[in-house]
Amino acid sequence: MKTTIKKWGINGEGIAYYHRKPVFIPYALPQEEIEYHIVKETRKYCMGEMDRLIVPSSRRRYPLCAKWQTCGGCALMHAQYKEQCKMKSQMVKEALRKYANYQGPILPIIKNPDPLGYRNMCKLPLQKVHGHWQSGMYAAHTHDFVAIDRCVVHEKEIELVRKKALEIFDQFHLENLLSLVLKSFDQKVQMILVTKNVTLPETCIAALSMIDSVVSIWQSIKTDDRIDIFGDTMIHLSGKERMEITLGPIHCQLLPRSFFQLNTKQALRLYQLVQEWTPNCHTLMEAFCGIGAMSLFVANKAKTIYGIEYNQDAIENAKINAQWNHCTHVSFICGDANEKLMTTNEPIDCLIVDPPRKGLEDMTSTILQKHIPTILYVSCNPSTLAKDLAILTKQYTIQNVQPLDMFSQTPLVETVVYLERKTK
């Protein structure tokens, strides 16, 4: 069948229509004329596959990675960067209109200064291919291993360390390796080897520690089938226990299990934006605070700041980070953000939230009960953001919406929304 792609889908696919049903077709761009066939049809939508590109978009480009389709990690690599940003801005606009009935202004997207080579962390499954260790990814929606020789979105140091580490795994005939996790900050790399219950040879650890840029090596022993890539046992093997990060005026440390934004430059721009928008107040709370970087960025905006995070390693980092940055009025609590907000008796003047992709869920009702004057909502998922805003705007007015491209070559987009409580 022939069709013309009408618009973008939220996962970077093109959308056409068949008998008034949307058809989601991967790797097709808006305004392209294609031949396709339907692979799945439901009552509300269809899934299609492109057979032939008849009239390409002027925004189509040649993908820089040969594995981009089989890997599935960079679903927009066939689109020029300008078109990627247009798609992400449109996605935020449509989500807010559809779920929150918001049709007000949206600021121009903050572009990524480095659309390639920006990712500061990788979590790569390992597998032997023809007797040699390879790192890669699992193909989208499968457990099929795809070996990847080079990833163009990784920071340079990560790629150099990854290749050298694979050579050393072969050199020492290692077995029972599961995943390789690398984190790069300020040209220094932390390596975490996720393995079955094995002891790594000291000579191998010494060889890995000699790789340029590697300053920290850990082993995570995984004996279960949980989704979490790390096992319960973490062993420090060599170098520093914690990574150190400089973010503008603040300095932070990071334990292996602690999360940090995957794009360091754009994370700094995000934190600067939040700092600019945060009003001067008495008491500020940050929910889902991670290692506390955002709380420390806004330290000069409030007399008392509380950060809440369920990850114990992150809270340990956050407390030390507050000491490092001489922020004695900033404290951090390990626990569930919703429960902590619900049980606090202290009036909160400003709330910053940066939830996971599933959004705030039940926390929206707690927020409405607390009558907090100002909210800054940092989101990595426009759909759940908009659904949460549909509830919050019963009592709040959206003042500013700022999309930010954190993850170039992918359909993911970061958004910051500034909300003020309505006056009766």
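Residues are numbered from 1 along each chain as its sequence is written, and side-chain values use heavy atoms, with hydrogens and water left out. Because the model is predicted, local features need pLDDT of at least 70 and side-chain atom pairs count only at pLDDT 80 or more, while totals for chains, interfaces and linings use all residues.

View 1. Helices and strands here are DSSP runs numbered from the N terminus (H or I, at least four residues, for helices; E, at least two, for strands). Strands count as paired if DSSP finds at least two bridges between them. Strand β16 (residues 281-287) runs parallel to β17, joined by 6 bridges, and Thr283 has Thr304 in β17 as its bridge partner. Strand β18 (residues 330-334) also pairs with β17 in the parallel sense, over 5 bridges. Here Glu309 stands opposite Cys334 of β18. To get from β17 to β18, the chain goes through helix α7 (residues 312-324) in a right-handed β-α-β crossover: with the strands pointing away from you, the path from the first strand over the helix to the second runs clockwise.

**View 2. An open sheet of 7 strands.** Follow the order β9-β8-β7-β10-β11-β12-β13, and you'll find mixed pairing. At the edges stand β9 (145-147) and β13 (233-239), each with a single partner strand, so one side of each has no neighbour in the sheet. On average, neighbouring strands of this sheet are turned by 35° against each other, direction ignored. Axes are lines fitted to C-alpha atoms, for helices over the stretch in contact, and angles run from 0 to 180 degrees between N-to-C directions. Strand β12 (residues 214-221) and β13 are antiparallel and share 6 bridges, with Gln219 partnered by Ile235 in β13.

**View 3. Two helices across the sheet.** Helix α3 (residues 156-171) lies across β7, β8, β10, β11 and β12, at about 150° to β10. Helix α4 (residues 202-209) lies across β11, β12 and β13, at about 140° to β12.

**View 4. Where α3 meets α4.** The two axes come within 10 Å and cross at roughly 160°. That makes α3 roughly antiparallel to α4, the term for angles over 145 degrees. The contact (heavy atoms within 4.5 Å) is made by Ala165, Ile168 and Phe169 of α3 and Cys204, Ala207 and Leu208 of α4.

How values were computed. Angles under 35 degrees count as roughly parallel, over 145 as roughly antiparallel, 65 to 115 as roughly perpendicular and the rest as oblique.
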